[in-house]
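Please have the sequence and the model at hand.

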Amino acid sequence: MKKAGLGIAVVLALVLLGGFVLNQLGDVAKAARVGDCARISGSADNPKYQALDCASEQATVKIAKILQWNEDKCPTGGMDYSTYTGESTLCLMPNFVEGACYGQDPDSGITKVDCSTKDSVKVGKVLSGKADRAACGDARAAVFPEPAVTFCLERGDRQQ
């Protein structure tokens with residue numbers, strides 16, 4: 001389990017901590033609402049925000065909170081939120097689907113992949129309304145306090 005935990009930790013670190021600190025949000029912030037989903041692609045110098053239905057295969061992030069200029073930080077007490085900044089800052093969390101697998105994508109940071117893909121991460125459980133690492137037992141937990149969501153993660157590419 002240690003190797004699986006390490007692989008999952010590396011993927012999460014790359015996706016969430018190295019994620020999207022992007023500029024030029026512009027009019028997106030005016031239309032964006034908490035709970036909306038999107039795909040963010042492109043480089044930090046030229047990001048592209050594409051609002052999508054949360055059920056879309058390409059909707060990889062969900063807006064957890066929208067910060068105004070007088071607020072400077074996304075919620076704390078769990079995983080770090082990715083951010084997308086312009087007139088406002090969007091605190092983003094993954095739009096993970098239970099049972100799906102995810103991997104790295106150089107254009108968007110994270111994408112759905114086949115579970116046999118090397119170093120993929122499988123979402124074993126999505127616990128909405130709960131921010132509790134212990135709820136995942138031995139599985140790796142990705143906890144977001146606002147809105148409260150716990151993702152229980154395991155290695156997607158391990159042999160069954």
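In what order do the elements of the chain run from the N terminus on? The order is α-β-α-β-β-β-β-β-β-β-β-β-β.

## Basis of the values

The model is predicted: local features need pLDDT of at least 70, side-chain atom pairs count only at pLDDT 80 or more, and totals for chains, interfaces and linings use all residues. Residues are numbered from 1 along each chain as its sequence is written, and side-chain values use heavy atoms, with hydrogens and water left out.

## Overall make-up

The chain holds 2 helices and 11 strands. Both kinds of element are DSSP runs numbered from the N terminus: helices are H or I with at least four residues, and strands are E with at least two.

The chain has 160 residues, and 44% of them count as buried. Buried means under 20% relative accessible area, exposed means over 50%, and partly exposed lies in between (1.4 Å probe, protein chains only).

## Phe144 in strand 10

Strand 10 spans residues 140–145 and includes Phe144. Phe144 counts as buried because its relative accessibility is 0%.

## Salt bridges

The whole structure contains 4 salt bridges, each a side-chain nitrogen of Lys or Arg within 4 Å of a carboxyl oxygen of Asp or Glu. One of them pairs Glu146 with Lys65, with 3.7 Å between the closest N and O atoms. Glu146 sits in the loop between strand 10 and strand 11 (148–155) and Lys65 in strand 4 (residues 61–67), so this pair ties together parts 81 residues apart in sequence. Glu146 is partly exposed, at 35% relative accessible area.

Asp119 forms a salt bridge with Lys118, the closest N and O atoms being 3.7 Å apart. Asp119 is partly exposed at 36%, whereas Lys118 is exposed at 67%. Asp119 also meets Arg155 in a salt bridge, at 3.1 Å from N to O. Since Arg155 lies in strand 11 and Asp119 in the loop between strand 8 (109–113) and strand 9 (121–128), the pair ties together parts 36 residues apart in sequence. Through shared partners, Lys118, Asp119 and Arg155 form one network of salt bridges.
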